[in-house]
Amino acid sequence: MAPSKKKHAKTTEACVIPGGFTVLSLQFNSDSEAQHKLYVKEHKVRAERSSHRPLDRTLFVLNIPPYCSQDVIKELFSQFGSVQSVELGDHPGSFQQSGPRLSRVFRPAEKQGFKVGYVVFQNSSGVTEAKSHPNNVPLIVSTGEHPVKTGVHKWIQQYTQSFTESDKLQKIVDSFMEDYDKRKEEESERQKQEAEQQQEDEEGWVKVTKGNKSTKARPHSEAANQKAIQREMRKKQRKELMNFYTWQHRNTQKEHIAELRKKFEEDKQKISLLRAQRKFRPY
Amino acid sequence: MKNTQTAAEMILPDSSHEEEENKAPAKAKRSKPEEDEGEEVVYHPVKLSRSDLYRPPTAEELNQLKEAESLFHCSLLKMQMEELLKEVALSERRKEQIDSFVQTLTKLLQTVPQSPEVEVSDMSWLSGAVKVPFLLVPKTPKGKFHMAPPASVDLIGSYPLGTCTKPRIVVDLAVTIPADILHPKDVLNQRYPRKRALYLAGLAQHLTSSSDIGTMHYSCLHGNRLRPVLLLTPPGKESSIFTVRVHACPPPGFYKPSRFHPQRNNIRTEWYTGLQASQSGSDEPPTPHYNSSVLGDLLPRAHLQFLSAVSSQCSAFPYGVALLKVWLHQRELDQGTGCFNGFLASMLLAYLLTTHRISNTMTAYQLLRNSLNFLASTDLTENGISLARDPDSTAPSLADFHNAFQVVFVDPSGHLNMCADMTACTYKQLQHEASVSMQFWDDPTVDGFHSLLMIPKPMIRTSDHVFQLCEPAKLQYSCKKLNLLSELMDHSGNYVHTALPFILSLLQRGFGQRINLLTHSLSPEPKWSVESEAPKHKAQPPLSFGLLLRPELAASVLERGPPADSPKAAEFRQLWGSRSELRRFQDGAITEAVLWDGQSTYQKQLVPRQIITHLLQLHADIPESCVRYVGAKMDDVIKVGREVPSTGEEESLLVIQSYDDLSRKLWQLEGLPLSITSVQGAHPALRYTQVFPPLPLKMDYSFFDKEKFSRSLVPKEGKPCPAYITPITVICHMEGSGKWPHDRLAIRHIRAAFHIRLGELLKKHHNYTYNASPTHLDIWKDGLVFRIQVAYHREPQVLRESVTAEGLLVLRDNEEAQALEMAIIHRPLLTSTLHGLQQQHPCFGAVCRLAKRWLGAQLFSEDITEDTADLLVASLFLQPAPFTPPGSPQVGFLRFLHLLSSFDWRNNPLVVNLNNQLTAPDYTEIKNDFMASRESLPVMFIATPKDKKLSMWTKQAPSVQMLQRAVMVAAESLKVLEHQLMDGGQIQDVRVVMRPPLDAYDVLIHLNPKQVPLLSQAVDPPAVTFSRGVMTGSVAQSGGALPVIDYNPVSLYLAELRDAFGDLALFFCDPYGGTVIAVLWKPNAFSPVPFKTSQVSARNVKVTGDEAKTVPNVEAILEDFQVIGKGLVKSLEARTERWSF
């Protein structure tokens, strides 16, 4: 974007592109000459299960530069209405992780690339406000009041924050393991109950339930299946007699010659390949 | 010229289009994506139809198959040799060309006009345009000379015999000087050789007027100035194809052979020195070399007859000779003074045939094998051989020959020693080569054909150290000092050849057990235009000598001599002169000894240089300035020592000792819930291959900030980046037990608990400062940081397991599991294996470090990783054929470059036989598996005993393009480097190969040197240095605040750049102190793509009608480079002119 262009286009129109996205400009600080473009749109999916992204109040934001953290985005979008929450991720879609919640130190490192975000406003006016924001008024990431650290400052900060006290870490581990043991116990409890259900009641009836085949104590594994097949094969082979009949002997010889021939042909092909590449010129 | 071109072609696979790429590789890469890969012939597994495979065999076919199976390792070798022979044989068309040219030449020669008789010294009959090819000192004796047409003109040598091969086709033509020009007494005092030279000059004068001749040069046979020859080429464009060499010979039988007995004198001292000799003629010293050079002129026709007779009986004879010639040529043994040329090769085969060591029915393959076997097992310097069946009574005995010459191989006449000019060293080299060749020929795991006949062995890549005598003229003084007047007379004034054998034996004595082999370059045959004077002896290029070191003894600083009172002591003192002194040793012995200087390995490996300069100065009057020692020239770039220059061996050892101590302490820990089952290093520093081994540091606390809780040091804002401290990874396996949970997250937490516990225990017992984190435990010990990672051997298995919807437990490989397995199993194993290799080959580590320094400097570190590079270097030591394992870092590095550039990565797997675990069947298996699924395997395929099918070390990188570039750069570097090392006249700056051309890149990000912590490791370290919070002084063993670990802004910056822009561009940086990040846009980065929610990162939308397309937002990206690297980036250099949108 050349600065001259900015002066000319003094319209207050929002820029909407095919696909329904509104283009917002974003620049790092007020001195920046180049701008990134954010593409925003109201969040719309056919079947949204997660309740934390209400359809009418959520704004879907694409192309968020790496130096914009959740807080920065929250700050930026507050001008359109108060922001309830911000989620950032690498790809569109659900960021929810299955399994138990992990503490910060145990979470794998995040990728520091461009992100997509879901901004949830307090009320739906924020979404429309953001969508009608004019293209030529850029959002500014790092301002005097809220400077954003990048480069060496950021790395030093990161390094400083990377330390965790041993006691604290130990506590995190302990609480997780306690939780884990509890879950483990519950699991075994559940299995026991299910196993009980399968047993005959006093009148000799067995309750047959639908589905949930994982009721066995150990799931049967692929490796075990494979082993069984191999065992069968071996048994078969052991029973076979080699070179007993004349025709068998003849066959073996025939196979041998075929083998030699095949090798010869292979070699010949290799040579022709090498020759094509002129690999025989000694100097 | 042609030679070098074809050589270059061989080095570069698919060179045709790469040569153009030379200048702008990136550009070419962009315009030509992978399509041209597909054009090449690709190997597909053979599919024979059933009927083809199972049809009844004919007897002939059966024979052929059987022969191929039993005679050769496999039929492949046989076929390869046949193909090779086709390549070197002369085509029919070429032969016709040669025949017709020889015919015209013969006619021309017959018409040489008669000229009036003049004195030999009178050369007025020659026009000024043609000079006499002879050094006319001392003055010409009396005699008459006149020109006359030759008595006969015949073809001799290899061409009529059918053993002439490409390239450098030379056709020998013998022109018989008419008998009336010569006089039987002419053999005396160089009269005959001078007449011969005059006659050649006469012929040359006659031929200058003819238009049928292309160029005319003089040369001399095998560099012998007494035997000038005339080199003629055909006119026009054929001139470079072949050369006709015109020899002038006396009529057969003109001189009696008995006159040339090696004990007889044919040059009078009185005539040679010009002084009136006081003694009588009978005391004259014998002149064996002069005699044999005259005699050599008499016999070529007889030799041709003899060889033709032998050849006619053995059909494979010409092919055997051709193979032998190729073998010799690759070893640089077939040209120059005292070489083992094609003629000797034919004579050797003839000898083996006539003595029935090989039979007439053998194939070329067997002839080559038997002759190499013979060479390897026979020492011609001790027991000469003779082709003479029944020599006449006047013929000298073998003992006579041995007295006069170093190597003895007598021709069929019984009078001529064909190896007269050969030095014992050259023959030893030949023997060594033959025995090495036999060794790897018998090894089924080596590609015998390739190493035997295809790989050239130039001296700089063969010998561990090389040195040159720069000014051959200085050898004149040596002759004087060594008192070699009569030998000088015998060699007719050629002081280089006179002094050479004496210098060689002197050095051999001086080196003793330190070397395996001493070789020297064969001085090339001079070649000069007919219009210029014969060049002087001093015009020779410098003599090069090669040393094959014995690693365990070569670097010893002490030369222990005999006890002071033994008779040998005098000899020892005589050899070493003033350097020899009496010393008392710990065992009580008092002996003569010489002590050389040297503390570090780097200094010690230059002990041979001290020996050479000392001995040459002392005994041969050759000043030190004349000796150019080429060894350890590369090592500058990995030098680390401060007071004592060192290349890091000592520092590595220190790290390993500290690690051993830590390992012992870990084993001894008590109070762990589970016991430790193994402690393994998994870091290059623990196998001697870290380019710059970590140095123990002492921190200056005032330079840093402190963290609140742990009181660890953290970098201070506004100060230069603190010194980089490498964490040295140590893997600590814990005992397997039922207590381990069977869940990935739980395992991760338990590991963290172990890290804390280990840290606490180490703190308690040994007072080490530690920092525990979920992934590792850092220990600050002896000024080094060890990063301990606890591992559980079943964890990769747990990561692989998953349960399907049906409740079936399946194992699915995934990247996470592979990465973990690599870190906790494969890397520690590789580290300990390579550590073992270092124990066998002391220079392994140094070679690795040089290689990795080069890769880093050329910006390949990301593509050819540390582990890959170490494996490549390991292969040089484990399978050195056709060389011996490298004995110095320099030669190892050169071979690394050669391997990288010449290996056929597309069609071959590189098998690295670590610990010698692979057998021949394994090799075939690896090869077959590789062939069967080539397309899906990594471009650079490296197989190891633990990894035969996948090549896990090269799975991620390099890509095709990067490998191609690496191959190209390696070839170029090798060329530049070898040129520089062998030629003292060049600018001597080996760092040239470490400075990558940056003009191929699109954006250069210049970094602020203040924030580059490894600045001092740069190829060209800048003059300014920054304080980095390090104090001098002794390093505390334990305690103290935890320093700043693994904090390198450059790598953090690179990681962020790759995360954000990895799909648009490639980022390159030298990890060792590079201050530039080179950015290259990906080939199709700028092509517009349709708007998609998953593909809008850093892109601008362009709306055309109803369609929205996106292109990269370059301005914003460039600004982001600055924003992300704030404080680190100094300036940005965008080369917009290179970009193609």
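Here is a short briefing on two domains and a few charged pairs.

This is a predicted model. Chain A is assigned domain 1 (3–148) and domain 2 (156–184). Over all chains, a search of the whole structure turns up 48 salt bridges.

**Where the two domains of chain A meet**
- Seven residues from domain 1 of chain A and nine residues from domain 2 of chain A make the contact.
- Together, domain 1 and domain 2 of chain A bury about 500 Å², with 69% of it on carbon and sulfur atoms.
- On the side of domain 1 of chain A that touches domain 2, you'll find four nonpolar, two polar and one charged residue.

**A salt bridge in chain A**
- A:Lys131 pairs up with A:Glu42 in a salt bridge, with the closest N and O atoms 2.5 Å apart.
- A:Lys131 sits in helix H3 (residues 125–131) and A:Glu42 in strand E3 (residues 36–42), 89 residues apart.
- A:Lys131 is partly exposed at 24% relative accessibility, and A:Glu42 is partly exposed at 23%.

**Salt bridges in chain B**
- B:Asp1046 and B:Arg787 form a salt bridge, their closest N and O atoms being 3.7 Å apart.
- That pair links distant parts of the chain, 259 residues apart, with B:Arg787 in strand E25 (residues 784–791).
- B:Asp1046 is partly exposed at 33% relative accessibility, whereas B:Arg787 is buried at 13%.
- One network, joined by salt bridges that share partners, takes in B:Arg687, B:Arg827, B:Lys852, B:Glu866, B:Asp867 and B:Asp870.

Conventions:
Residues numbered from 1 in each chain as written. Chains lettered and ligands numbered in written order. Predicted model: local features only at pLDDT ≥ 70, side-chain atom pairs only at ≥ 80, totals over all residues. Heavy atoms only, no water. Domains from an automatic or database assignment. Contact = heavy atoms within 4.5 Å. Buried area = accessible area lost by both parts, 1.4 Å probe. Nonpolar A, V, L, I, M, F, W, Y, C, P; charged D, E, K, R; others polar. Salt bridge = Lys/Arg side-chain N within 4 Å of Asp/Glu carboxyl O. Helix = DSSP H or I, 4+ residues; strand = E, 2+ residues; numbered from the N terminus. Buried < 20%, exposed > 50% of the residue type's maximum accessible area, 1.4 Å probe, protein only.
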